[in-house]
Amino acid sequence: MIAEVLLVLAGHSSSLFPTDHNLHPAFRPLLHPGEEQCLEALGHIASRYRNIKKACATLSRSKSRYVCALCATLNQILKDEYEKLVVDTEAKVLKRDPDLVSNGSFVPLSALRATFAEWDSPLTALETLMNQLQAQKHWQPGPLIDMLLARSKTGVYRIADIISRLSVAVQRVWRCQLSAFLVHGSLASSDPLASADFTLLDGTMPSCVSPQTKESIIYVGRAIATIKAKKWENQLPREQAVEYANLLETVLPEDQYKFDLVISQIRINVSEWLWLNVLTRKDVEDAVISLASYFLLRNGEFSLALIREIERLKISRLTTRSGVASVIREQDLNLALLRASLGTTAQHDPSLLHLHFELPAGPLRPLLPSLANSKTLSSSVASNSSEVTSFDDLLLGTNLILSYNVAWPLDLFLHLSDLQIYAALFNYLSSLRKTHTQIHTCWTSLSNAQRARRRWTGLGEGGTAEDLEARRELLRCGWGVVRDMGWFLDTLLGYVMVDVVDVEFRRLKDLLGNPSRGRAESVSKHLSSQNIAGQANADPSTYLDFTTLRNIHTTYLERLLTGCLLSNPALTAILRPIFEVCERFVAQVERWGGDVLPALLFEGSLAPGGDDKVGAMVQERFQVVSEINESLHKLFNLFYEQLSLSTSQQPFMATGDASKSILMNASVANASTFQRTSIRGKGSKGFEGEGEVRRHVERLLLRLDFNGAFSKPRASASEQTQYWEGGISI
């Protein structure tokens with residue numbers, strides 16, 4: 001009977017257990033209850049072992065290499081440990097081992113039960129694992145590794161040890177696929193890690209792989225694969241490929257810190273090699289100039305033409321009858337880009353073809369500017385100052401994104417998060433430029449209307465004795481509003497374009513030409529620490545390594561965000577309402593026919609005693625203009641106060657959080673780069689860090705308070721509505 005039990009434990013069938021682990025009824029009267037219990041417990045172990053072996057045989061025919069590796073490893077573990085235990089137990093019985101055979105002739109079933117008791121929990125866990133694997137038709141490597149790692153985190157040592165070995169086996173197969181992709185740029189025909197366009201497929205990455213590492217894997221794999229596909233003259237040296245493969249062999253994704261470190265090191269080295277052999281400095285400089293010209297509005301004539309072209313497009317669609325022709329589509333906006341370039345320096349610029357507009361909400365019908373009352377602007381600004389403020393809908397009236405097509409190999413330098421920051425800067429600067437242009441147009445309209453009226457009224461404003469004074473007050477109030485709007489927008493636009501954009505762009509150009517200024521440590525030390533072919537003969541004074549290049553550009557974007565005040569949500573929450581108030585005033589003047597004063601014959605021409613009495617229209621317009629004036633100056637005061645607080649309370653060194661306030665979907669990798677760059681910036685000579693950015697803002701404060709209107713004790717609200725020529729009353 002002992003031989004029969006050992007055969008059952010080895011996986012063979014027996015009449016002792018006709019079905020599963022249940023003992024045959026004919027044997028029950030012959031056994032002691034304790035013996036019966038021991039036999040059923042051994043039958044349980046044998047039944048689970050048979051189920052596991054049967055499941056392994058079925059899953060081994062799976063198309064997934066990861067499941068096959070798991071089954072092969074499990075079979076080997078059972079062979080080396082469980083089956084060896086069965087054979088060793090049989091040998092002890094045959095040798096009459098005193099630890100197992102009593103009195104040299106009797107083998108207690110309880111001794112066998114105690115011998116195989118250590119496999120109770122492991123076989124139960126493995127049977128559950130096999131059932132879970134069989135319940136799903138196809139397993140991706142990511143969820144499979146996650147599931148194994150989760151199951152290995154148990155307090156039972158043998159279960160944790162066995163499942164950890166299964167997990168390591170699957171991770172090794174996954175690592176082979178990763179090594180082929182990173183080192184050779186090749187993807188498997190079955191269960192590839194990425195698609196043909198080098199986008200990570202769902203389920204190919206375990207959750208223990210960080211987002212930064214995922215982005216680095218795609219970056220390196222796409223670069224190597226593209227170089228091989230294009231049959232580039234310079235291929236990655238074999239010595240480097242072997243080194244990277246050896247580095248990957250030393251880590252597994254479950255060890256997240258070491259794995260991230262190895263992938264990061266491979267990315268840095270590959271980036272340096274690409275910078276030396278594929279991506280040229282001229283490509284980078286041309287891209288930086290192009291982005292600054294169109295996204296940062298350094299090409300002034302083109303940016304003005306584009307704003308006018310978009311306004312013309314809106315007017316043409318508003319005047320078109322309902323139908324398809326009244327809808328603005330992306331192709332209409334892209335055509336406006338080309339029309340705006342005619343007659344400008346951008347007409348023959350090939351980089352203009354890389355620009356295109358995107359409408360996330362799809363085609364739309366344009367709307368007239370809102371004339372809604374904005375009395376609650378100040379309170380809403382105070383309550384929502386911590387929220388992210390977007391400017392992407394001010395240019396067209398709906399969300400509008402300017403995109404830049406980045407082709408190989410420029411995408412090694414410009415990441416998606418960089419382009420998103422450029423798009424946010426374009427939305428902000430174009431909104432400011434559009435509002436500034438509208439105010440100048442409104443000034444011209446008011447001036448022409450007054451000049452035409454003075455032909456008939458002389459030095460006065462005309463009207464009867466009833467409304468003469470009211471017309472004069474309304475006109476002076478209107479001129480005061482448009483003057484203050486123009487002054488504020490002139491100051492802000494001059495600060496942004498001259499003190500921030502122009503200064504930072506020239507600084508960037510200087511650093512690209514003299515990279516030694518932008519490094520916190522000597523290049524010679526960096527060269528000695530990197531095993532990259534071709535760097536040994538580089539001149540430390542002119543050599544620009546790729547990591548420094550990325551840090552310089554990232555710091556450049558960071559300083560632009562901070563200098564343009566976009567990194568401060570409290571300030572952007574005030575700037576947008578200022579733009580909206582200005583747009584509302586311009587729209588109101590346009591609706592009034594280009595003048596704040598009604599025509600002399602517009603009032604009092606109806607039947608006497610009616611509502612159309614003399615001065616009613618003047619009074620109505622005066623209330624509208626006064627309300628706009630009051631809202632505007634409240635916002636001006638809030639802006640100056642918040643700007644003063646920002647220089648005294650918070651450090652003006654932008655970090656990753658600054659970019660996150662603009663881009664909620666920015667990559668974590670770029671944000672971490674921002675933080676590293678901020679630390680570098682404090683000690684580098686190229687970027688003076690916090691003090692230089694703070695001086696930018698202090699210049700804006702000085703310009704806003706040039707006549708002491710903000711810093712001096714302010715008059716009451718009623719006295720602030722008084723205007724006089726030759727000065728600015730805030």
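Reader: Which residue lies over the face of Y219, and how far is it from the ring centre?

Author: R267 lies over the face of Y219, at 4.1 Å from the ring centre, where a charge sits over a ring if NZ of Lys or CZ of Arg is within 6 Å of the ring centre and within 35 degrees of the ring normal. Before we go on, please note that this is a predicted model, in which local features need pLDDT of at least 70 and side-chain atom pairs count only at pLDDT 80 or more, while totals for chains, interfaces and linings use all residues. Residues are numbered from 1 along each chain as its sequence is written, and side-chain values use heavy atoms, with hydrogens and water left out.

Reader: And what lies over the face of W119?

Author: That is R158, at 4.7 Å from the ring centre. R158 also belongs to a network of salt bridges that links it with E81, D161 and R165; a salt bridge here is a side-chain nitrogen of Lys or Arg within 4 Å of a carboxyl oxygen of Asp or Glu.

Reader: How many salt bridges are there by that rule?

Author: The count comes to 24. One of them joins the side chains of D88 and K84, at 3.0 Å from N to O, and these two residues are four apart in helix α3 (residues 65–94), so about one helical turn separates them. Helices (H or I, at least four residues) and strands (E, at least two) are DSSP runs, numbered from the N terminus.

Reader: What about R703, which residue does it bridge to?

Author: R703 forms a salt bridge with D499, the closest N and O atoms being 3.1 Å apart. This pair links distant parts of the chain, with R703 in helix α23 (residues 690–704) and D499 in helix α16 (residues 468–513), 204 residues apart. R703 is partly exposed at 35% relative accessible area, whereas D499, at 8%, counts as buried.

Reader: Which residue does E504 pair with?

Author: E504 forms a salt bridge with R559, and their closest N and O atoms are 2.9 Å apart. Since E504 lies in helix α16 and R559 in helix α18 (residues 546–563), the pair ties together parts that are 55 residues apart in sequence. Both E504 and R559 are buried.

Reader: Changing topic, how many aromatic pairs does the structure hold?

Author: It holds 17, where rings of Phe, Tyr and Trp (its six-membered ring) pair if their centres lie within 6.5 Å, and planes under 30 degrees apart count as stacked, over 60 as edge-to-face and the rest as tilted. Y294 and F302 form an edge-to-face pair, 5.2 Å centre to centre with 80° between the planes, and both of these residues are buried.

Reader: How are the rings of F295 and Y404 arranged?

Author: Their centres are 6.3 Å apart and their planes stand at 70°, so that pair is edge-to-face. F295 sits in the loop between α11 (281–294) and α12 (300–318), and Y404 in strand β2 (residues 401–404), 109 residues apart.

Reader: Now the backbone: what is the phi of L565?

Author: L565 has a positive phi of about 75° although it is not a glycine. Most residues other than glycine have a negative phi. L565 lies in the loop between α18 and α19 and is buried, with a relative accessible area of 1%.

Reader: And where does D191 lie?

Author: D191 is in the loop between α7 (157–184) and α8 (211–229). D191 is not a glycine either, yet has a positive phi of about 50°, and at 13% relative accessibility D191 counts as buried.

Terms used:
Buried means under 20% relative accessible area, exposed over 50%, partly exposed in between (1.4 Å probe, protein chains only).
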